[in-house]
Amino acid sequence: MEAMLPKAWAQYNGTGTAVIAGSENVSSLTDNGVGLHTLTWTVPMRTSTYAVGCLHEPVAGGRMNLKTMTTTSMQIATGAGFDSAAVS
């Protein structure tokens, strides 16, 4: 049953200075520029092919995608940071 529990989560405000409001297994949040944020895991994931669920409040452009996923972090793009590139 433990395999089904979330391995990490974060709630953060990416407007202005990015700030984590709450998290589990997240060691840092990096602001990579307008609409680009990287979450770094405290304990790495087993593989780089894990499931991710994201919710966000409406932003300019109203879109979000995952830019990169590794065992140690993932990068999220929203609004102005969004482009059509798939997860790499």
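The lining of the second largest pocket in this predicted model comprises, by class, six nonpolar, two polar and two charged residues. The volume of this second largest pocket comes to about 220 Å³, and of the ten residues that line the pocket, those closest to its centre are Lys7, Val43, Pro44, Met45 and Arg46.

With regard to the chain as a whole, the secondary structure consists of six strands and zero helices, so that the elements, read from the N terminus, follow the order β-β-β-β-β-β. The chain has 88 residues, of which 28% are buried. Among the contacts in the chain that have a separation of 6 or more, 29% are accounted for by residues 24 or more positions apart.

Strands β1 and β2 form a hairpin, with five residues between the two strands. Strand β1 covers residues 9–13 and strand β2 covers residues 19–24, and the two run antiparallel, joined by five bridges. Within this pairing, tyrosine 12 has isoleucine 20 of β2 as its bridge partner, while glutamine 11 stands opposite glycine 22, which also belongs to β2. In the turn of the hairpin, glycine 16 has a positive phi of about 70 degrees.

Four strands make up an open sheet, in which the order is β3-β4-β6-β5 and the pairing is antiparallel. The edges of this sheet are formed by β3 (26–33) and β5, each of which pairs on one side only. Neighbouring strands of the sheet are turned against each other by 20 degrees on average, with direction ignored. In general, strands of a sheet pair through backbone hydrogen bonds, in either a parallel or an antiparallel arrangement. Inside the present sheet, β4 pairs with strand β6 (residues 73–78) in the antiparallel sense over five bridges, and the bridge partner of leucine 36 in β6 is alanine 77.

Leucine 39 is a residue of strand β4, and it counts as buried because its relative accessibility is 4%, below the limit of 20% under which a residue is called buried. When the neighbours within four places in sequence are left aside, leucine 39 is in contact with Ala10, Tyr12, Val26, Ser28, Leu29, Thr72, Ser73, Met74 and Ile76. One of these contacts, Tyr12, is the residue whose bridge partner in β2 is isoleucine 20. Leucine 39 and serine 27 are separated by twelve residues in sequence, and their C-alpha atoms lie 7.7 Å apart in space.

Cysteine 54, by comparison, is located in the loop between β4 (36–41) and β5 (64–69). Cysteine 54 counts as partly exposed because its relative accessibility is 33%, a value that falls between the 20% limit for buried residues and the 50% limit for exposed residues. Apart from neighbours within four places in sequence, the residues in contact with cysteine 54 are Met64 and Leu66. Cysteine 54 and methionine 64 are ten residues apart in sequence, with a C-alpha to C-alpha distance of 8.4 Å.

Note on methods
Residues are numbered from 1 along each chain as its sequence is written. This is a predicted model: local features need pLDDT of at least 70, side-chain atom pairs count only at pLDDT 80 or more; totals for chains, interfaces and linings use all residues. Side-chain values use heavy atoms; hydrogens and water are left out. Buried means under 20% relative accessible area, exposed over 50%, partly exposed in between (1.4 Å probe, protein chains only). Contact means heavy atoms within 4.5 Å. Two strands pair if DSSP finds at least two bridges between them. Axes are lines fitted to C-alpha atoms, for helices over the stretch in contact, and angles run from 0 to 180 degrees between N-to-C directions. On a 1 Å grid over the protein atoms alone, a cavity is a set of points where a 1.4 Å probe fits but cannot get out, and a pocket is an open set with protein on both sides within 12 Å along at least five of seven lines; lining residues have an atom within 4 Å of a point. Grid points are joined across faces, edges and corners, and a volume is the space filled by probe spheres set on the points. Ala, Val, Leu, Ile, Met, Phe, Trp, Tyr, Cys and Pro count as nonpolar, Asp, Glu, Lys and Arg as charged, and the others, Gly among them, as polar.
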